[in-house]
Amino acid sequence: MEPLSHAFKERSVWALQDETLQVALNRAKDGFAVKRAKAVGALPEFESLRDRAVDIKNHTLENLDHYLERYADAVERSGGKVHWASSAEDARRIVVEICQASGARMITKGKSMVGEEVGVNGALEEAGFEVVETDLGEYIIQLAHEPPSHIIVPAVHKTRGQIADLFHQNHQKYGLTRKLAEVPEMVNEARQVLRDKYLAADVGITGANFLIAESGTSVIVTNEGNGDLTCSLPKVHIVTAGIEKVVPTAEDASTLLRLLGRSATGQDMTTYTTFTTGPKRSGDTDGPEEYHVVLIDNGRTTMLGDQFREMLRCIRCGACMNHCPVYGAIGGHAYGWVYPGPMGSVLTPLAVGLKEAGNLPNACTLNGHCAEVCPVRIPLPDLLRTLRHREYQLRLGLKPMRWGLAAWVWFTTHPRIYRMGTRVQARMLALLAGRKGRFRRMPLAGSWFRGGRDLPAPQGETFMAVWQRRQRGKG
Amino acid sequence: MNPGADSVGAGAGSGADARPRVALFVTCLANIYRPNVGLAAVALLERAGCTVEVPLTQTCCGQPSYNNGDLDGAAKTARQTIEAFEDFDYVVAPSGSCGGMLRDFPRLFASEPGWQQRARAMAEKTYELISFLTDIRGMTSVDAAYPHRVTYHDSCHGLRALGIKEQPRRLLGTVRGLELAELADSEICCGFGGTFCVKYPEISGRMVSDKAAAINATEAEVLLGGDLGCLLNIAGRLGREGGRVRVYHVAEVLAGMADVPGLGDPRQPKGGS
């Protein structure tokens, strides 16, 4: 997907002015946070589970080559095939080639963020395949020709009315002509349409929440059961996964699963947790004839070797964005690429460059709510600050900000001048504000007022001046 | 070196010496905008049995540089602060944000072991004002009256970096006449975020107007908080909306010094009526 992150400022303003979007965001706002808090509160060992999860992820990342080889060997032993994709381009090519070799026409897809990251759908459509997303949210945004705006609820930005319109326009060709109003009716209609697609599909593509090294097993969690049908009905199953998804054992995967549902949707477990290992064996009643895993690097080994390694612990639960007040105000599309919110503000600049996405790490108040809820304790605000440092070193930020900071540092290292300067500033601002005690506008400070707020005026004297006078009086 | 509150006035003859020497890091915003917060901090610290000093060479905690990627600049400011404060028993700031920054100083000197050692030593004795009063000095009550319905905003850095949540509430509970109405979403950021509020004013504006709406819903007369950055932002929004809620730093109320106009309120005419 072509990144639009350079236009973050404009896009965030549009988002704030988009009334329909604001309705959808407000509806979603507290739901996830409240559900998560309830689920976490009901599990006394949640904090120790987080510690264990961090240990599991750190250990795996330290020995990633070993566990990836173990995983790949296990997949091959179970009759599957492993493909290594170092870039997004490689990943697209590999997936297209597998589909072409199998003579496929129709492809069903389970939800996969790495699929969005490398642009699988576009490549397949370009190669002439019909691709159908089977996760309801993904299906909706596919009809709308939009990218996801959230990593676990991709259509969270859509209102019920918008979805009804989309179905009405797109389902006519299946003879479904009635315009629907209620959610259950819409879900049923989507099911009806998708059922035929499942049966007709030649290839099913899913992502993976975890890859278990000891057995070569891929794990996905869903709430709709669409993942099961996508990976078991077609004769070819392709798993697309980032290399950081591997964990050593099934025990490790189950530890992480206990955190994932609770952190994401506040569920103890998702409705379906699906384990797939290799193709159909002789004697199995169902399952695919071919089983492929595409292991995608696309910048991950670079992260492994630098200050952003901790980001590879991410299990894509979405808790950071569910608790981010900036995400809550503007939604996911403003961020302009695949991953939004705090985790996206770290990943996007690393993937598409700071020149393109420099706004993302800056558009954060460093309030720390994301790190507080992250199940694998990723220090997201610190990583965002590290990106700001990188931006500063590369001289990518705005020049006036740079000059301003340099002047401020000089000022703070000259205390006498600092005391005098602040004294003049406090006195002048208090005089200018007069009896009103605040400013409604001020030259050169327009940005403060663009936030729809006044600026309180100082009391008049600096504390240091008051204190020095008081000390003299005492002496 | 951890004198409890019971050491107050102990050690006859060397009584003054038994009092811990506390250096007040007043913060840029209190210095420029709200000297009353500094005076309230001094009063509270003295009541908690401390000898308060104000190093004249203090300036800024360095957050503007630190949070905008200029780590070298932040280190320069930090050295200035360390030199000014390292010789005291404690360093106390009426701000969780600036106090938290001082605690973060060791990170700025990863490649300078000497300075890192000094930064660490200072960080270990640095506290936010209210948590210092309760957790270190064992203060359990204040002698103040404030017969108003108030609500409280938990500033993010104090809350999440320093664990400040019930300490101010505990002391506010002992203020005569004060009624605390809890704020819905009191742990959600107000949208200040240092330079964030001027880099992304539209987003910041949305966040602070949500905060103002929650404050208004409590029907409180007064909003209190522990960080002037957040309070200036919120007071600015409340003022723009033309509401009646007044805004004070929590220290002003605890010290019984909230008898001046609130943040952004009209100044009292000289000489009175």
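## Two domains in chain B

Chain B of this predicted model splits into domain 1, covering 5-135, and domain 2, covering 140-254. Where they touch, domain 1 of chain B puts in 26 residues and domain 2 of chain B puts in 22.

Which elements of chain B give two or more residues to the domain 1 side of that contact? They are α2 (28-33), α3 (35-47), α4 (63-66), α6 (96-104) and α8 (129-136) of chain B. By residue type, the domain 1 side that touches domain 2 of chain B holds eleven nonpolar, twelve polar and three charged residues.

## How chains A and B meet

Now for the contact between the chains. On chain A, 54 residues are in contact with chain B, and 62 residues of chain B are in contact with chain A. Helix α21(A) gives the largest share of the chain A side, with six residues.

## A helix pair across the interface

Two packed helices are described by the angle between their axes and the distance between the axes. Here the pair is helix α21 (residues 399-412) of chain A and helix α5 (residues 71-85) of chain B: their axes come within 9 Å and cross at roughly 15°. Angles under 35 degrees count as roughly parallel, so α21(A) and α5(B) are roughly parallel to each other. The crossing of α21(A) and α5(B) is left-handed.

Which residues make the contact between α21(A) and α5(B)? From α21(A) you have Leu405(A), Ala406(A), Val409(A) and Thr412(A). From α5(B) come Gly73(B), Lys76(B), Thr77(B) and Gln80(B). Sorted by type, the residues of this contact of α21(A) with α5(B) are three nonpolar, four polar and one charged.

For the complex, the predictor gives an ipTM of 0.95 and a pTM of 0.95. Chain B has a mean pLDDT of 93, with 92% of its residues reaching 70 or more.

Where in chain B does pLDDT stay under 50? That stretch is residues 1-16 of chain B, for which the model has 16 contacts beyond four places in sequence. Where pLDDT is low, the predicted coordinates should not be read in detail.

How values were computed:
Residues are numbered from 1 along each chain as its sequence is written. Chains are lettered from A and ligands numbered from 1 in the order in which they are written. This is a predicted model: local features need pLDDT of at least 70, side-chain atom pairs count only at pLDDT 80 or more; totals for chains, interfaces and linings use all residues. Axes are lines fitted to C-alpha atoms, for helices over the stretch in contact, and angles run from 0 to 180 degrees between N-to-C directions. Helices (H or I, at least four residues) and strands (E, at least two) are DSSP runs, numbered from the N terminus. Angles under 35 degrees count as roughly parallel, over 145 as roughly antiparallel, 65 to 115 as roughly perpendicular and the rest as oblique. A crossing is left-handed if the near helix is turned anticlockwise from the far one by less than a right angle, and right-handed if clockwise. Two residues are in contact if their C-beta atoms, placed from the backbone, lie within 7 Å. Ala, Val, Leu, Ile, Met, Phe, Trp, Tyr, Cys and Pro count as nonpolar, Asp, Glu, Lys and Arg as charged, and the others, Gly among them, as polar. Domain bounds come from an automatic or database domain assignment. pLDDT is the predictor's confidence in each residue, from 0 to 100.
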